[in-house]
Amino acid sequence: MVPLCYCRFLDRLQLRELKDSLIIFCTDVFSAMLIRATGQNLRLAYLFSLESLDLVKQIEVSEILSSGDIAALIYLWNPFTIVACVGLSTSPVENMAVILCLYGACSRLIPLAAFGWVIATHLSLYPAILIIPVIFLLGCGPDAPPRKLFLQRHQQEEVLNQSKLPLGFSWRPIIHFAFWALLWSVYVLVLCGISLKQFGGIWEMFKSTYGFILTVEDLSPNIGVLWYFFAEVFDFFRNFFLIVFHVNIIFMILPLAIRLCHRPCFLAFVYIAIFSMLKSYPSVGDSALYLGLLGWFVNELADMQFSFFLFCGYFGVSLLSPVMHNLWIWRGTGNANFYFATAMVYACLQIILVVEGVSAMLNHDRKLRNLTTGKPRDAKS
Amino acid sequence: MADTKEKSESNEKPKPRIRPIVRLGIFLIAHSFLVSVVCCTAGVLALFLLPVLAKNTYISENALMPGSASPMLANQHVLEGNRLVNDLTSSNLKSSETGIESQRIIARYMLDLGAEASIHKFHRQLNHFHPLHFFSSPDSGIIEENYSCSSYGINTVGIIRAPRGDGKEAIVLVTPYNALKSGLGEALSIGIAYSVFSLLSQVTWLAKDIIWLVADSRYGEYAAVSAWLRDYQTPKFSSLSTLDAEMCPDIDNLYDLKVNSITGSKFSSSFKRAGTMAAALVLKVRNKSDQFEDTISIYAEASNGQMPNLDLINVVNYLAVHRQGLHVKVEKLWSLLNSSWLKILGEIFESLGKVAKSLNPKWKFGITATEYVEGTATLASSLYYQALGLPTGPHGAFRDYQIDAITLEILPKFSSDKVRHSDILLRGGRLIEGVIRSVNNLLEKFHQSFFLYLLTSPSKFVSVGVYMIAFALLIAPLPIVAASLYVDASSLGNCSKSDKSTPSASLDTDEHSITIGSWMWLNSAKLVFLVHLWGAIVSLIPYVICQIPDCTPTTSFMIWVLLSMLSFLTLYSVLASPLSCAKASQEKEWALVKSVTISSVFIGLGLMSVINFATAEIGALLMVPMCLLARPLKLDVRAGTLRSFSRMIGNLVLGLIAFPPAAFFLLKGMLDGFGSVNVGAFWIWVESLWAWNSATYLFIGMVHLPCWVLCIHILLHTC
């Protein structure tokens with residue numbers, strides 16, 4: 001995908017393309033604004049939870065830029081975003097739908113969240129699993145340290161201050177959300193049905209959009225790993241491996257949801273990173289989304305390991321991948337393995353990023369716990 | 001790199017049980033100095049071992065079957081060729097004003113054979129600065145402005161349709177010919193091509209069309225061939241050509257052929273095409289030579305160090321040596337042949353080989369000292385021409401379209417009698433015939449043998465799997481040293497942090513206070529990024545300079561240096577000054593900068609090794625020691641020991657040598673003698689690099705120069 005974008009960039013600087021690219025460009029800017037607003041929400045929630053745990057003094061929160069600003073800047077200045085925008089890819093639109101969904105859920109605009117979710121699912125199917133973080137977001141509010149911690153804290157102080165406790169899980173907004181999601185999906189489907197009447201109706205649409213995504217029919221090279229695998233695999237195993245690869249995503253949903261249920265936005269980030277790694281036709285636009293969202297958790301992930309290594313890796317791979325593609329397609333001196341090697345390295349980098357991100361987040365929670373429970377002991381001694 | 005980094009960082013947390021592989025990583029990082037010395041020495045040594053490790057070439061593609069058929073080229077064809085040579089030389093004596101006469105003669109000869117003949121007109125295209133040419137496909141060229149008729153070149157193209165083929169594939173034979181001042185050599189090359197062509201018009205085994213291109217080399221051989229190829233590969237549907245022909249009357253003369261010729265009907269002024277090209281041979285005869293036997297020299301390097309498939313060279317080499325008894329040679333760096341240190345090295349390797357053979361008779365890697373010296377000279381020239389990234393002949397134009405092509409230059413034994421000419425025609429013609437017959441057998445395009453190799457002699461090569469070892473050894477210390485520096489710097493940062501922090505959380509500070517510890521490298525990364533940005537600006541400046549009319553190379557170079565320094569100062573004052581006050585807080589900032597620099601150099605060299613290996617190898621030889629040794633001079637001066645003093649001297653010398661212009665002058669002085677070196681030479685060299693769209697230019701501007709600047713920054717660091 002990357003070299004394609006580069007090539008298009010070279011001969012696409014013409015006026016008639018400007019209109020399309022303007023739409024994509026506006027989409028990106030709008031996404032960045034939504035990311036910023038959501039980031040500010042998250043930051044308020046973070047500060048609130050720190051306050052209620054009396055940890056404001058111990059924890060340095062970066063004051064130069066708030067996490068929302070950082071996330072928006074990362075999203076806008078990320079070369080991946082720029083390349084996806086210049087290449088007139090549709091991924092900025094898909095990204096915007098996802099961000100819209102998260103923004104709506106964070107600021108409790110249930111119809112907006114439902115709309116974002118329905119559109120994102122309609123556009124690229126994979127965001128369907130974001131329903132879990134959205135439910136958590138609506139049910140118990142944005143990211144906070146584990147609820148257990150608050151309870152412990154207040155038991156120690158033996159003053160049960162209800163106002164400082166995070167809210168419990170409430171079902172009302174979720175029912176609202178379900179209602180709205182149903183409404184929007186019916187609406188979208190009806191619209192699609194009307195507009196696609198002469199092209200074979202809605203069933204044809206399902207087959208050639210979701211079916212196309214799920215059966216990995218197009219094996220042209222991209223930065224993912226599936227094209228190579230399904231080009232190599234024997235035909236009679238194909239269905240089996242299709243199931244294996246898609247179940248792979250589903251398998252990871254539940255454990256992560258249980259472990260990270262107190263941090264729904266981070267859960268959403270992890271889900272997005274996972275499906276942009278395992279989806280059938282990944283592009284750099286998907287990476288741009290989760291790298292941007294990473295900026296939300298700049299305070300929590302400050303101690304993330306391998307940051308430098310990951311940076312170098314992303315940098316190197318994004319340069320090496322077009323060169324390998326060039327060597328294979330244009331110069332004919334390389335072969336598919338050259339390019340696939342970079343795709344594998346890229347996948348490994350994404351795995352490391354997710355693993356390190358999750359472990360840094362869990363470490364952060366552990367640190368908060370130590371701070372809340374350990375401090376009285378220190379004071380005594 | 002991944003492993004080492006991972007290991008290095010897991011080093012930070014003391015764990016009760018450490019896995020063996022992690023322990024190995026920690027060991028490597030802890031002994032990074034030793035490891036880097038060993039690896040670098042091994043890398044340089046492996047480079048010198050390459051001629052010893054070279055393997056004999058073999059023909060990998062079975063379908064080629066070179067020499068399986070006896071040559072059919074007979075005296076009758078040679079006579080026809082001789083007739084054409086005589087006609088051309090005599091018409092040359094008549095000296096027609098535009099050389100149109102000789103083109104007409106060639107076209108008539110082609111038509112007489114029953115081949116399709118056509119002419120192709122092209123404009124001379126000036127080389128344009130096109131930095132990302134490497135990534136894009138060759139374009140159809142910029143739409144021409146108004147050219148006068150005088151800047152036309154005329155290629156003559158003859159095509160034989162294969163009786164057994166479906167017209168989807170073709171083999172190309174190119175003979176550069178300058179009608180204005182052609183010597184006997186060029187006429188002879190056309191004679192050889194014609195005798196082969198006349199044979200091929202009769203044979204029945206032909207399965208691929210034969211295209212014979214007589215390239216008008218008055219604007220350079222490469223320009224003519226690349227112009228023809230561009231038009232061949234990118235069909236134009238405009239009526240530009242007909243308009244042009246009307247404008248220029250003398251070209252119309254050629255169309256008279258249509259009327260004159262009796263066999264007629266096959267001559268056309270429109271562009272003629274055959275199928276996709278399987279291979280191309282460029283044939284040249286050099287007339288003035290002082291060889292003692294008939295020799296063929298092979299030129300294979302195309303742009304950016306790309307080589308044709310090794311099988312093509314193998315076929316030519318096999319047929320020339322074993323069938324025609326010609327002596328085959330490839331380019332050598334002659335100055336290396338007489339160097340005494342290389343001879344000593346060769347003798348050492350020879351005696352080592354003998355010792356190894358006495359230990360186990362099956363080990364046969366010993367080569368004689370003279371062989372070693374010759375192999376090294378050939379390897380050095382192979383590396384040099386690949387690293388330059390300029391094609392060594394018209395064959396380079398073919399490689400841009402993934403067509404394998406080589407240039408064969410026939411150097412006949414010195415003599416002047418006519419019999420010799422026929423002999424040259426016969427042997428050269430049979431060689432070409434054999435090669436064409438082999439390529440004709442191909443079922444697919446060349447893919448069996450190597451594309452990535454270095455030649456140490458016409459029949460010996462070093463494949464990518466071998467020479468990459470030398471390169472990998474050379475750059476292996478980079479990630480290790482970067483990791484160790486990074487670990488040192490970040491642990492030091494943590495320590496200083498813990499000293500400053502309040503004693504309330506003294507028990508486990510690292511766990512309690514939240515720092516941006518793991519993101520400390522961002523500042524250094526910013527600096528490195530800025531310097532690379534500056535590098536990009538510097539490499540774009542010549543585009544502006546070459547717009548200035550009437551500039552001598554020396555002044556252009558001076559303007560370039562001035563503008564670069566100006567842009568550096570601007571960037572520094574605008575972007576980097578707040579950085580300098582931020583970095584005062586960290587004592588070991590230089591270590592982080594060095595770590596990031598080394599990582600960026602590692603990425604750059606790795607990238608370049610894929611694009612153009614030879615450039616990366618030479619760059620690594622210069623940059624790796626400089627990067628690894630760099631250390632603030634102030635620290636060394638403060639230490640005052642002998643070791644730090646010698647390191648300081650080494651740093652200064654490397655800092656001087658590795659500066660790109662300095663390295664250029666040094667290399668040029670070593671090869672050509674220091675008398676010819678002047679400042680403008682560097683500009684001319686750089687201009688040729690970017691005019692030919694060599695990736696080496698980008699490498700120097702965006703990897704080498706920034707690396708040098710960063711190393712100087714580290715050397716002058718105030719810590």
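Val216(A) counts as buried because its relative accessibility is 1%, where buried means under 20% relative accessible area, exposed means over 50% and partly exposed covers what is in between (1.4 Å probe, protein chains only). You'll find Val216(A) in the loop between helix 10 and helix 11 (226-232) of chain A. Helices here are DSSP runs of H or I with at least four residues, strands are runs of E with at least two, and both are numbered from the N terminus. The backbone is worth a look too: phi of Val216(A) is near 50°, a positive value in a residue other than glycine. Most residues other than glycine have a negative phi.

Before going further, some ground rules: this is a predicted model, in which local features need pLDDT of at least 70 and side-chain atom pairs count only at pLDDT 80 or more, while totals for chains, interfaces and linings use all residues. Residues are numbered from 1 along each chain as its sequence is written, chains are lettered from A and ligands numbered from 1 in the order in which they are written, and side-chain values use heavy atoms, with hydrogens and water left out.

So how much does the predictor trust itself? For the complex, it gives an ipTM of 0.85 and a pTM of 0.86. Per residue there is pLDDT, the predictor's confidence on a scale from 0 to 100. Chain A has a mean pLDDT of 84, with 87% of its residues at 70 or more. Over residues 1-15 of chain A, though, the pLDDT is below 50, and this stretch has 21 contacts in the model beyond near neighbours in sequence; a contact means heavy atoms within 4.5 Å. Residues 376-381 of chain A also stay under 50, with three contacts beyond four places in sequence.

Chain A has 16 helices and zero strands, and 52% of its 381 residues are buried. Taking contacts between residues at least 6 apart in sequence, 77% of those in chain A join residues at least 24 apart.

Back to helix 10 (residues 201-215) of chain A, which packs against helix 12 (residues 238-259) of chain A at an angle of about 95°, with the axes 9 Å apart. Axes are lines fitted to C-alpha atoms, for helices over the stretch in contact, and angles run from 0 to 180 degrees between N-to-C directions. Helix 10 and helix 12 of chain A are therefore roughly perpendicular, the label for 65 to 115 degrees; under 35 is roughly parallel, over 145 roughly antiparallel and the rest oblique. On the helix 10 side of chain A, Ile213(A), Leu214(A) and Thr215(A) meet Arg238(A), Leu242(A) and His246(A) of helix 12. The residues of this contact divide into three nonpolar, two polar and one charged, with Ala, Val, Leu, Ile, Met, Phe, Trp, Tyr, Cys and Pro as nonpolar, Asp, Glu, Lys and Arg as charged, and the others, Gly among them, as polar.

Helix 12 of chain A turns up again around helix 7, as one of the elements covering the buried residues of helix 7. Those buried residues of helix 7 (residues 131-140) of chain A are Pro133(A), Val134(A), Phe136(A), Leu137(A), Leu138(A) and Gly139(A). After helix 7 of chain A comes Gly141(A), with a positive phi near 85°.

Now chain B, which has 27 helices and twelve strands and 53% of its 719 residues buried. Its pLDDT averages 80, and 81% of the residues score at least 70. Over residues 496-515 of chain B the pLDDT is below 50, with 20 contacts beyond near neighbours in sequence.

Ser189(B) sits in helix 6 (residues 184-200) of chain B and counts as buried at 1% relative accessibility. Not counting residues up to four places away in sequence, Ser189(B) touches Thr175(B), Pro176(B), Leu283(B), Lys284(B) and Val285(B). Ser449(B) is in the loop between helix 15 (418-441) and strand 11 (453-457) of chain B, and is buried with a relative accessible area of 11%. Leaving aside neighbours within four places in sequence, Ser449(B) is in contact with Ser60(B), Asn309(B), Leu310(B) and Asp311(B).
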